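Open the structure in your viewer and keep the sequence panel beside it. This tour goes from one selection to the next.

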Amino acid sequence: MKILSIETSCDETSLAVVEAKGGRTPFDLPQFRIEKSLVASQINIHRPFGGVVPNLAKREHLKNLPILYNQIFGTGNKEKTLWDKIDLIAVTVGPGLEPALWSGIEFAKELAKRNNKPLAGANHLEGHLYSFLLKRAAGNKLKASESFPAIALIVSGGHTILLQMDNLYRWRKIGETRDDAVGEAYDKVARLLGLEYPGGPEIEKLARLGNPKVIDFPRPMIYHRNYDFSFSGLKTSVRYYLATHPGIEKKPGAKADIAASFQAAAFDVLSHKTGRAIYASGAKSLLVSGGVSINKALRRRFQKDFGREVKVYFPHRELCNDNAAMIAAASYIRFVQGKKYRPVAQANLNM
Ligand code: KG4
Ligand code: ZN
């Protein structure tokens with residue numbers, strides 16, 4: 001079936017058309033083909049504010065949605081021909097910024113009414129979780145029997161979650177952050193270092209030039225016998241380090257060491273807890289997703305730590321950050337189970 005999907009939960013407006021098939025049982029993983037995928041990023045609009053401004057995000061989504069729609073559907077015959085083939089409209093209902101979510105939901109409702117198509121809400125976090133299924137190299141076919149049970153780690157700007165998965169459809173959340181998400185810690189540390197928003201890519205770049213062993217930042221909760229995380233203390237330690245070493249952020253070498261040491265502390269905690277979860281569950285694979293999963297150093301670290309034991313899957317680099325294609329995947333996987341979310345914004349939706 002063909003899905004038109006819409007994502008507006010934060011600062012990316014995105015529309016995709018995805019062909020989905022299979023996946024009717026847990027043994028048969030669904031297959032997806034992305035036919036169109038457009039993302040209009042608002043980063044430049046929010047950058048001067050150092051973070052996402054909800055009402056600005058809404059205004060930009062309202063402006064961008066019809067533009068992206070026209071790029072995909074065109075008008076007249078082209079528009080009608082494509083609508084004839086669309087089977088389902090999917091839209092993110094949460095988690096996210098409420099005004100931003102509503103802009104996508106209202107747009108989707110209007111399209112559904114006008115074209116007489118079914119509408120399904122989707123969970124943004126399920127989108128990240130399932131994004132590894134999209135856009136795989138030809139011949140790189142996934143087999144459920146080789147991949148499950150699995151441990152999934154979602155690392156984004158708003159969430160840090162560990163899931164234990166029996167199969168693609170059945171999971172249990174075993175841990176999450178108690179305060180800041182890891183992406184949020186990147187963004188806040190970047191701001192302390194005078195780097196631009198979003199901080200993740202900036203810190204990753206800077207960390208490549210630094211020595212991760214120079215500053216021994218704390219590894220919060222690393223030895224707690226649970227799967228929860230805490231990253232706000234790590235950010236505070238960076239702030240404290242800067243306050244007790246005045247002017248150090250002006251020395252490029254020292255700044256790179258801070259970035260590298262911060263990143264090493266964050267990876268140590270992520271890897272330690274994830275490793276324990278893999279070991280305790282007997283998982284065959286690790287699924288890492290969310291905006292932070294684009295980080296090359298993180299990918300190398302997880303491959304090095306777990307690649308010999310389990311298969312480590314990451315989404316295609318183009319699909320780590322927010323996008324509508326992953327929303328089509330999430331809605332389809334609910335659809336084949338006869339489930340969907342109501343088209344109502346749920347800012348605090350979780351897994
Ligand atoms: O998944 P995402 O696009 O949006 C949310 O659902 O939150 O994640 C955005 C987060 C931001 O905090 C951003 O700084 C972080 O992902 N990020 C990175 C990198 N690129 C983006 N973090 C670390 N390294 C990166 N290269
Ligand atoms: Zn996201």
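A residue counts as buried when its relative accessible area is under 20%. Keep that cut-off in mind, and remember that this is a predicted model.

**Stop 1: L153**

Select L153. It sits in strand 6, which covers residues 150-155. Is L153 buried or exposed? Its relative accessibility is 0%, so L153 is buried.

Now show what surrounds it. Leaving out residues up to four places away in sequence, L153 touches I161, L162, F229, L270, T274, L287, V288, S289 and F302. Pick L270 from that list. L153 and L270 are 117 residues apart along the chain, yet their C-alpha atoms are separated by 8.7 Å.

**Stop 2**

Some background first. Most peptide bonds are trans.

The peptide bond from F148 to P149 is cis, with omega near 5 degrees.

Next, select P95. Look for it in the loop that runs between strand 4 (88-94) and helix 4 (98-115). Here the bond from G94 to P95 is cis, and omega is near -5 degrees.

**Stop 3**

Most residues other than glycine have a negative phi.

Select N116, in the loop between helix 4 and strand 5 (119-123). Phi of N116 is positive, near 55 degrees. With 69% relative accessibility, N116 counts as exposed.

Then jump to M221, in the loop between helix 8 and helix 9. What is the phi of M221? It is near 65 degrees, a positive value in a residue that is not glycine. M221 has a relative accessible area of 11%, so it is buried.

**Stop 4: helix 9 against helix 10**

Select residues 232-244 for helix 9 and residues 252-281 for helix 10. Their axes come within 11 Å and cross at roughly 155 degrees. The two helices are therefore roughly antiparallel. The crossing is right-handed.

Show the side chains where they meet:

- From helix 9, L234, V238, Y241 and L242 make the contact.
- From helix 10, the partners are I258, F262, A265 and A266.

What classes of residue make up this contact? Eight are nonpolar, none is polar and none is charged.

**Stop 5: helix 8 against helix 10**

The axes of helix 8 and helix 10 are 8 Å apart, and the helices pack at about 110 degrees. That makes helix 8 roughly perpendicular to helix 10. This crossing is left-handed.

Display the contact residues:

- Helix 8 supplies I203, E204, L206 and A207.
- Helix 10 supplies K255, A256, A259, A260, F262 and Q263.

By class, this contact has seven nonpolar, one polar and two charged residues.

**Stop 6: E204**

Buried or exposed? E204 is buried, since its relative accessible area is 10%.

Beyond its neighbours within four places in sequence, E204 is in contact with Q263, N295, K296 and A297. Zoom in on K296. Its backbone nitrogen lies 2.8 Å from a polar atom of the E204 side chain.

Definitions and conventions: Residues numbered from 1 in each chain as written. Chains lettered and ligands numbered in written order. Predicted model: local features only at pLDDT ≥ 70, side-chain atom pairs only at ≥ 80, totals over all residues. Heavy atoms only, no water. Buried < 20%, exposed > 50% of the residue type's maximum accessible area, 1.4 Å probe, protein only. Polar contact = N/O pair within 3.5 Å; in protein donor to acceptor, adjacent residues only side chain to side chain. Contact = heavy atoms within 4.5 Å. Axes fitted to C-alpha atoms, helices over the stretch in contact; angles between N-to-C directions. Helix = DSSP H or I, 4+ residues; strand = E, 2+ residues; numbered from the N terminus. Parallel < 35°, antiparallel > 145°, perpendicular 65-115°, else oblique. Left-handed = near helix turned anticlockwise from the far one by under 90°. Nonpolar A, V, L, I, M, F, W, Y, C, P; charged D, E, K, R; others polar.
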